[in-house]
Amino acid sequence: MEKTMPSGTASIAAVFAANREQQRKALAPFVTAGDPDVDTTVAILEAIDRAGASLCELGVPYSDPIADGAVIQASYTRALDNGMTIEALFATVKRAAAKVRMPILAMASYSIIFRRGIDRFVADAKAAGLAGFVVPDLPVEESDDLDAACRSAGLALVRLVTPTTPPDRAEAIARRSTGFLYCVSVAGVTGARTDLPAGLIDRVKWLRTKTDVPILVGFGISTPEQAKAVAAVADGVIVGSALVRHLAEAGSKPREELVRGVEDYVGKLAAAVGTSC
Amino acid sequence: MSTTSPAPSAPLGPLSSVPDALGRFGRFGGRYVPETLSAALEQLERAYEDAIADPAFAQELDGLLAAFVGRPTPLLFAERLTKLAGGAQIYFKREDLSHTGAHKINNTLGQGLLAMRMGKRRIIAETGAGQHGVATATACARFGLDCIVYMGSEDVRRQAPNVRNMRFMGAEVRPVETGSRTLRDAINEAMRDWMGSVENTHYIIGSVVGPHPFPRIVRDFQSVIGREAVDQCRRQFGRLPDMVVACVGGGSNAAGMFYPFIDHAGVRLIGVEAGGRSAKAGDHAASLSYGSPGILHGSLSYVLQNEDGQTADVHSVSAGLDYPGVGPEHSYWRDAGRVEYTSVTDSEALDAFDLVARREGILPALETSHAIAWAVKEAARRPADEILVICLSGRGDKDAAEIARLRGMVDG
C-alpha cells in the first residue's frame with residue numbers, strides 16, 4: 001500500500017517540526033491495548049487523535065510490569081484476562097494506524113520483545129504501522145541489539161531519563177534516544193500524583209541545554225494545569241494512569257459514551273498543552 | 001603462554017570465572033531494569049567491590065556467621081536413610097541448623113552489612129516460603145534497620161508461622177494481592193517499592209535472581225555452604241564427594257552449594273526442581289527442565305512464559321520453589337552441561353519429608369524434600385563406596401501445618 005505520509009522515526013520528527021511551526025506542544029496520551037477490548041482501543045485511539053493528541057503511546061499488556069503502579073497494572077491484567085495477545089496487538093495497531101494521523105508508539109516490556117525475537121518483533125511492528133518503541137525495562141547498556149534493529153527499520157527507540165540518572169549518564173542516554181527523550185518526572189512507578197515533583201522544571205530546563213532531541217515529560221501528570229506547567233519547558237507531556245483510570249471508571253458505560261468522555265478529557269489536556277508556548 | 005585474548009574456539013576458562021563486567025553468565029544474566037534503578041545497582045556493585053576488598057568486612061561477616069548463625073553447619077551421615085536406599089552413602093549438609101532454620105541468613109547478613117556501608121537504613125525484601133523474610137527480619141533486628149517484607153497472600157496463608165516470626169522481630173509484612181499472590185508477585189511489589197525508595201532503601205533479594213549484581217552477590221554470600229562442604233569432605237573422607245544434590249527454585253542454596261565444586265569436574269552436581277502435579281504447563285515450577293530463555297525480574301535466564309512472553313502460572317506444593325524463573329548462573333551451568341537439572345513431583349517430595357522425619361529424626365523443609373526425594377532414588381542405584389551430599393537447605397517446621405492439611409491430618 002502506498003503511503004504518502006512519513007512513517008517510523010520520520011513521522012515523529014514531522015510531528016515535532018509541525019508543532020514548532022505552529023508553536024504548539026505535544027500531548028502524548030497512553031492507553032492500554034485491549035483494555036477493555038480491541039474494538040474499544042481502536043475507537044479510543046481515534047478519539048484521542050481527534051482531540052488533538054500529537055502522539056500516542058500504546059501500552060502492551062504484560063504480566064509483570066515492575067515500572068507500573070496499580071492503575072496500569074490492573075489495566076494490563078484486564079486486557080490479558082480478556083485474551084489480548086501480541087498478534088492481536090499488531091492487528092489493532094494496523095486498524096488504528098489506517099484511521100489516525102498521530103504516530104503510535106508501543107510501550108512494551110523487553111521480556112515481550114525478546115520472546116518474539118527482536119528482528120521479528122520490529123518487522124511486525126513496522127508492518128503494522130508503529131512508529132517506535134518505549135521499552136521501560138531496557139537500560140542503555142542492554143539495548144544495542146534492539147537499537148540496531150530499530151535504526152535499520154527506521155523506527156524510534158525512545159530512551160528514558162529519571163531523577164536518579166546522574167548527569168553524565170543522562171547526556172549519554174539523550175544522545176542515543178530517537179524520536180524523543182522520555183523524561184520521567186519522579187523516582188517511582190507510574191501513577192497520577194497531586195503535585196509536580198520539586199526540581200522537575202529545572203531538570204527539564206537543564207536537559208534542554210544538553211540535547212536537541214524533543215523532550216516529553218511523563219509519570220504523575222493528570223491535570224490540565226500540571227500539563228500546562230510542564231509543557232511550558234518541555235516539548236510535550238505524556239499522560240498515562242489518569243487516562244487509564246478514567247477509562248476503568250467508565251468501564252461499564254456504552255462504548256460511545258466512554259469514547260466521548262475520553263475525547264473531552266484529552267481535548268482539555270491538549271488545549272492546556274497547546275496554549276503553553 | 002603469551003596470548004592476549006582467546007581465539008573464538010578456545011575454551012572459556014574455568015566455569016567459575018563468571019559473571020563478566022556486565023553481569024553475564026555466558027549469555028545469561030544482565031540488567032534489564034527501569035532506568036530509575038540503574039544508579040542504585042551501580043552503587044551496589046561498587047559497594048560490594050569495596051566490601052570484598054576490605055578485610056574488616058569479611059571479619060565482621062565471618063564473626064556473625066560463627067556466633068550468630070552457628071556456622072560451620074555440620075555434615076551428617078544419614079545412616080538409616082543410607083541403609084534404606086541400599087547404595088551410596090548419603091550425607092546432609094545441615095543448613096537447617098542455621099539460625100532461623102535455613103541457609104537464607106548467610107545472604108541477609110552479608111547484604112545487611114552492605115546496606116549499612118551504603119548508608120541505607122531501610123530494607124525491603126520479598127519472600128515465598130517466608131524463610132528469606134525471616135532471615136531478613138532477623139538481620140534487620142540485629143543491625144537496627146527498618147524492614148518491610150512483601151509476601152504473596154497465598155504464601156501468607158501457607159507459611160503462617162514465618163509471618164508471625166517476622167512480625168515478632170519488628171518487620172512489617174505486606175501481603176501482595178496481585179497476580180498469583182505468590183513469590184513472583186512479591187518480587188514485583190518489592191521492585192515497585194524500590195522504584196520509589198531507591199535513594200534510602202536497599203532491596204535484599206533472597207535468591208540468585210534479579211538484575212546484576214544480585215545473582216553474583218547472593219551466590220558469593222551463599223558459597224560459604226559449599227566451601228565448608230569441600231573442607232568437611234576432605235577432612236571426613238579424604239576426598240571430594242561423588243555427587244552433590246540441592247533443590248532449585250530461584251536457586252540460592254544450590255548456587256552456594258555448587259559453586260565451590262564447579263571447577264572440580266569429577267563431582268556430579270544435580271539441581272532438583274519442583275515438578276508439581278505433572279509436566280503440563282501450569283502444573284509445575286521447573287524452569288530449567290521445561291522452560292526456555294527469556295527475561296524476568298531483570299535478568300535473562302530460563303523462564304516459564306507463554307509464546308507472547310507473559311509469565312506462566314506455576315505450581316509447587318512448596319512455596320519456596322513456586323517461581324517461574326531461576327538464577328542466570330544455573331542457566332549457564334545447564335547449557336554448559338556442568339550441572340544436571342531434574343525435577344520431582346509434589347507427592348514424591350511429601351513422601352521424602354515423611355521418610356526423613358521417620359528415619360532420621362529431621363523435619364526437612366518441603367523445598368529440601370525435593371532434593372532428598374531424587375537423591376534417595378539415585379543413591380539406591382550407586383555403589384556403596386560412593387558419597388552423595390544433599391544440601392539440607394532448611395527445616396520443615398514452617399510446613400508442618402500445611403503438610404498436615406494436605407495429609408488430611410487433624411491438628412491438635
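Predicted model: local features only at pLDDT ≥ 70, side-chain atom pairs only at ≥ 80, totals over all residues.
Residues are numbered from 1 along each chain as its sequence is written, and chains are lettered from A in the order in which they are written.

I took helices (H or I, at least four residues) and strands (E, at least two) as DSSP runs, numbered from the N terminus. A pocket is an open set of points on a 1 Å grid over the protein atoms alone where a 1.4 Å probe fits, with protein on both sides within 12 Å along at least five of seven lines; lining residues have an atom within 4 Å of a point.

I noted 19 lining residues, with S63(A), T77(A), L80(A), G179(B) and R184(B) nearest the centre of the second largest pocket. Both α3 (70-81) of chain A and α8 (183-197) of chain B supply at least two residues of this lining.

I then turned to strand β7 (residues 215-218) of chain A: I215(A) and V217(A) point one way, L216(A) and G218(A) the other way, and all are buried (under 20% relative accessible area, 1.4 Å probe, protein chains only).

I found β7(A) paired (at least two DSSP bridges) with strand β6 (residues 181-184) of chain A in the parallel sense over 4 bridges. L181(A) stands opposite I215(A). With strand β8 (residues 236-239) of chain A, β7(A) pairs in the parallel sense over 2 bridges, and V237(A) is the bridge partner of V217(A).

Methods: Heavy atoms only, no water. Buried < 20%, exposed > 50% of the residue type's maximum accessible area, 1.4 Å probe, protein only.
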